[in-house]
Amino acid sequence: QLQLGESGGGLVQPGGSLKLSCAASGLGLDYYKIGWFRQAPGKEREGVSCIDNNGASTYTADSVKGRFTISRDNTKNKVYLQMDSLKPEDTAVYYCAATSILHPVQAMCATQLGINYWGQGTQVTVSS
C-alpha cells in the first residue's frame, strides 16, 4: 500500500510561483510513475505533468509547458511540481497520483488509466 500526500498549495498572485510536494509513505516510491493532475471547478480532471520511475522521462501538458517542471527525489520519497509564471487559469485542486503500470508517462497523464493511488489534493489559487 502506498500513501500520497500533497503540500505547498496556497494563494498566489498572477506571475508568481509555487512548489508543490508529493510525499509518499508505505512502499518504495521508485516502484511507481508519478503524475500531477488538477481539477478546476466545473471542469474534468486533467493531467499536468508525469514522470517515470527514475526521472529519466517526463511529460508536461501543453497548457503548462515552459512554466511547470516536474522532478523527483526517490531517496526522500518525494515528487515535486515547480510552478512558475502562474495564471488565474491554473487555479485548481492539484493531486499527485501513482501507477505501477508499464506504459509511457504521456499515457499516464493523458488517460489516467492504471492509477493505483491518489493523494487528497492541495488547493492552488491564482488571483490578484
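User: Why are Cys22 and Cys96 called a disulfide?
Analyst: A disulfide is a pair of cysteine sulfur atoms within 2.5 Å. In this predicted model, the sulfur atoms of Cys22 and Cys96 are 2.1 Å apart, so the pair meets that rule. Residues are numbered from 1 along each chain as its sequence is written. Local features need pLDDT of at least 70, side-chain atom pairs count only at pLDDT 80 or more, totals for chains, interfaces and linings use all residues, and side-chain values use heavy atoms, without hydrogens and water.

User: What makes the disulfide of Cys22 and Cys96 right-handed?
Analyst: Its S-S torsion is about 65°, so it is right-handed. The pair links distant parts of the chain: Cys22 sits in strand β3 and Cys96 in strand β9, 74 residues apart. Strands (E, at least two residues) and helices (H or I, at least four) are DSSP runs, numbered from the N terminus.

User: How do you know that Cys50 and Cys109 form a disulfide?
Analyst: Their sulfur atoms are 2.1 Å apart. The S-S torsion is about 105°, so this disulfide is right-handed. Cys50 lies in strand β5 and Cys109 in helix α1 (residues 105-111), so the pair ties together parts 59 residues apart in sequence.

User: What is the pattern of the disulfides of the chain?
Analyst: The pattern is 1-3, 2-4, with bonded cysteines counted along the chain. The count comes to 2 disulfides.
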